[in-house]
Amino acid sequence: MSNAPRLRLALRTPLGITAAVASTIIFLTAIFGPMLLGDTADRIDTDAIGQHSGTEHLFGTDALGRDIAARVVVATRLTLELTLFATLIAVVGGLVLGVLPAVLGRRAGRLITATVNLLVAFPGLLFVLFLAVIFGVGTFSAAFAIGLGAAPSTARLVQNLTASIAGTDYVAAARILGVGRFRIIVRHILPNIAEPVALFVSTTAAGILVAFSGLSFLGLGVQPPDYDWGRLLNEQLDRVMVDPMSAVGPGSAIVLTGITFGLIGEVVAKANAGRTAPQAEVTPEATSAAPAEKTASGLLNIDHLQVRFAGHTAVHDVCLTVDEGEAVGIVGESGSGKSLTALAAAGLVPHPGRVSARSLRFGDRDLNKQAPKGTSMAMVFQDPMASLNPALTVGRQLAEVAEVHHNAGRAAALTRAVSRLGAVGIINPELRVRKRPHEFSGGMRQRVMIAMGLMGEPRLIIADEPTTALDVTVQAQVLALLRDVRTESGAALLLISHDIAVVSQVCDRVVVMYAGRIVEELPVGDLADGVAHPYSAALIGAVPSMTTDRDTPLATIPGRPPQPGEEIVGCPFAPRCARATDRCRTEEPVLEQIRPGRRVACWDPITTATHELEEAR
Amino acid sequence: MSTATPAGRVLDFRLGPWTSFFVRRTGRLLVSLAALVTAAFAMIHFVPGDPVRGALGLNATPEAVAARKEQLGLDDSLISQYKHFVSGLFHGDLGESITARVPVSRMIGDRLPATLEIAIYAFLLVMLVAIPLGMAMAVWTRNGRRRRGELAFASSTGAIVAIPEFLLAVGLASVFGVSLGWFPVALREGPDSYVLPVLALAITPIAALSRIVRVEALRVFETDYMRTARAKRLPGRLVYLRHALPNLLTSSLTLGGLLLSGLLAGTVLIENVFAWPGLGMTIVQAILQKDYPLVQGIVLVYGAAALTINFVVDLAVAAADPQSTIRGS
């Protein structure tokens with residue numbers, strides 16, 4: 001979309017209308033105010049000196065009996081002229097200082113950049129006062145000083161923008177084609193930085209208005225007999241204490257005009273962004289969960305779990321049980337809902353996700369009502385760098401678990417942290433506890449996360465893609481560690497992975513998820529005999545092994561998984577399934593037990609016979 | 001920035017990142033101070049017309065002007081004047097005020113504490129109020145809760161930020177000073193007299209900083225390490241204070257530093273509203289009276305203070321978050 005329609009669109013919002021109306025009023029006042037009220041504002045009335053605000057004089061009169069309200073209206077023009085003049089100087093100065101480094105040689109450019117950085121470091125008002133001294137006290141020198149005072153920050157912005165555009169491919173291409181520096185600036189750089197600079201200018205104008213008023217208020221800006229809003233305030237300062245209304249006129253004029261400049265900036269910004277802020281979607285309240293019908297036997301019992309985000313269901317009626325000490329793996333592509341299922345079990349689904357389940361039990365706790373107890377559930381996440389707090393030492397992050405949940409003292413907690421770090425294979429744990437996460441390697445960080453889970457006595461470890469962010473060799477070490485930890489602690493493991501090979505190495509049972517649903521569940525031992533769901537088969541087929549024929553292309557699953565919010569009729573895998581029938585496309589298959597320990601949701605599961613048939617071929 | 005330069009890399013290699021960072025920042029501070037001193041020196045020579053004539057008035061006799069010029073050393077060559085000026089600085093000699101006829105250093109010594117006091121109190125007030133307020137608002141409105149509270153906070157702080165500090169000061173003076181008569185509105189006499197100037201200095205930065213802290217806090221709440229903290233079932237107090245707060249402080253400190261040097265500038269306006277006998281009031285009078293040596297001295301003090309604050313903030317941020325700051329800069 002080009003700019004004009006976007007701007008028109010932005011102007012139609014309440015914000016845009018307000019900005020347009022307010023700026024029109026201000027500009028009309030600036031144009032007609034002095035014509036209409038100029039005489040009233042200058043009329044000296046010795047009978048009405050220093051009158052309070054009232055019906056005759058809205059904001060009272062000044063020391064010479066002049067009507068303050070009229071003077072505020074008349075002062076609009078000078079105030080606006082000076083603001084715009086100073087803004088012009090700021091923009092021109094900023095553009096020159098900002099673009100020059102790109103035009104001049106490297107050395108001169110760096111000198112200018114350094115100077116600008118130096119000037120930006122000074123508080124603006126001090127720089128303005130300095131310039132006001134050099135230029136002498138007076139109206140136009142003040143405008144000059146304020147304009148130049150705002151130039152460095154404009155220059156900084158222009159420099160940053162210019163640098164980013166100068167690095168783009170099309171500028172590089174122009175340079176290779178031998179286009180001159182000056183031409184590059186005029187043709188390529190200036191048009192591309194125009195919009196952000198325009199936005200910056202409107203905010204700068206508001207700042208300049210305030211700065212100018214401040215300077216005039218100090219008596220260093222506009223000099224009598226001229227007056228702007230700041231000067232009017234200056235003249236009223238002695239009386240303000242007696243009659244606050246006398247300051248309300250010029251004061252509110254400054255504030256309202258400043259806000260209007262800001263609004264113009266926002267409208268320009270919105271037009272730039274090309275769209276109004278997205279409306280927050282209202283999440284439908286999840287249906288209240290029916291009470292659990294059967295008392296389940298496992299450690300973690302998930303019954304008909306749903307996780308919804310605005311407008312779509314990410315996890316769809318998932319039923320899953322993890323027994324004491326058992327290792328269960330959930331496999332699926334990204335977006336299959338496997339991580340959300342795990343996060344829901346831990347009560348950590350991010351906002352605005354809504355979790356509902358017929359039953360969600362961990363041990364003897366109803367997770368619909370309570371969080372899991374203390375340290376009984378340990379979590380290991382995908383990205384160990386992001387999952388550890390960068391500001392705290394590793395020791396602190398481990399020790400606090402013991403401090404909070406086991407009432408351990410600081411020293412005892414730290415001792416346990418050291419021993420746990422040692423247990424997960426961190427060398428020199430007593431030294432490493434004092435380090436922060438960035439001083440560890442990726443694999444070591446994941447060991448720290450596991451050690452964190454071992455600070456208590458976990459009954460379940462939920463590991464969400466624990467090896468995805470790691471190197472292949474480190475992956476194997478971390479998997480081996482998880483296995484060891486499980487053997488030693490006797491904890492159950494819920495391992496989430498997109499890699500069926502990883503899961504089959506560590507787990508007893510595999511759950512395959514697709515489009516937020518469980519499509520198959522089977523013991524790891526049965527994997528070799530062949531899976532029943534075509535999607536599981538495709539997942540296994542996509543894993544290359546040592547015996548894979550290198551001449552055939554790597555197996556991939558054709559098509560793509562359904563997008564969030566996409567309406568699904570029938571089996572969600574049907575569009576990608578070679579075996580799909582009409583029934584698959586219209587009716588959704590239910591997860592049914594086909595053998596003890598094996599469940600599959602498919603109208604036409606692959607049977608052992610089919611496998612033998614295929615192998616025979 | 002400088003790490004990218006070959007010199008920066010060599011420094012990193014020889015001294016280790018921390019020392020190298022410190023050396024580079026100190027170097028930048030010294031260069032900036034030198035530039036400031038030169039600019040302050042040059043200021044007097046940029047002034048249109050004859051500064052001594054301007055200060056003494058049109059009625060001064062040519063002899064008096066000449067004598068004064070000689071006394072100020074304005075007839076010497078520029079280079080020897082500059083040398084004189086710089087060596088004077090090292091001895092704490094900033095020249096003599098043209099109007100008051102007392103050493104500038106003594107005037108600054110008299111007035112500086114008043115300015116420092118309100119600036120520091122205001123800064124402490126800002127940090128003590130804005131960070132907890134922003135945090136509390138973030139916790140309160142997290143995950144899209146209490147949209148009305150969020151709107152009220154955003155619009156009220158937005159309105160405060162839009163009001164210029166000196167107007168706020170005038171408003172405070174007329175409401176709490178005149179109408180209610182709770183606090184004195186002028187001069188520095190007794191603890192009561194600090195209330196309004198400090199408030200006037202602090203309110204705008206409090207509004208600005210608490211908005212930023214809230215947004216930063218909401219960003220931090222979304223991070224993976226906050227999810228880890230929740231996964232550890234820590235009490236909310238620990239999750240927010242121990243895990244979120246330190247990660248907020250880096251950005252808050254950076255902004256706090258900018259605010260502090262902004263506060264210094266703010267004193268100029270605020271002091272003039274409350275007739276506060278500090279540097280801000282003195283510099284405005286000095287500019288109006290064309291007392292250039294005094295202006296020069298105060299500009300030096302304000303400028304050096306701003307540069308020092310930036311330097312200290314850089315170091316503090318680096319200490320709080322060594323990884324990103326030192327490597328990134």
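**A helix, then a sheet**

Visitor: How does the span of helix 6 of chain A fit its 28 residues?
Guide: It agrees. Helix 6 covers residues 139-166 of chain A, and at 1.5 Å a residue it should span 40 Å; its end C-alpha atoms are 39 Å apart. The expected span is 1.5 Å times one less than the number of residues. Helices here are DSSP runs of H or I, at least four residues, and strands are E runs of at least two, numbered from the N terminus.

Visitor: Where does helix 6 of chain A bend?
Guide: At A:Ala151, by about 30°. A proline, A:Pro152, follows within four residues. The bend is the angle between axes fitted to the seven residues ending there and the seven starting there.

Visitor: What should I know about the model?
Guide: The model is predicted: local features need pLDDT of at least 70, side-chain atom pairs count only at pLDDT 80 or more, and totals for chains, interfaces and linings use all residues. Residues are numbered from 1 along each chain as its sequence is written, with chains lettered from A and ligands numbered from 1 in the order written.

Visitor: New topic. What order do the eight strands of the open sheet take?
Guide: In chain A, 7-8-9-3-10-11-13-12, with mixed pairing. Strands pair if DSSP finds at least two bridges between them.

Visitor: Which strands stand at the edges?
Guide: Strand 7 (377-380) and strand 12 (592-595) of chain A. Each has a single partner strand, so one side of each lacks a neighbour in the sheet.

Visitor: And how do strand 3 and strand 10 of chain A pair?
Guide: In the parallel sense, over four bridges. A:Val328 stands opposite A:Arg509 in strand 10 of chain A.

Visitor: How many helices and strands does chain A have?
Guide: 21 helices and 13 strands.
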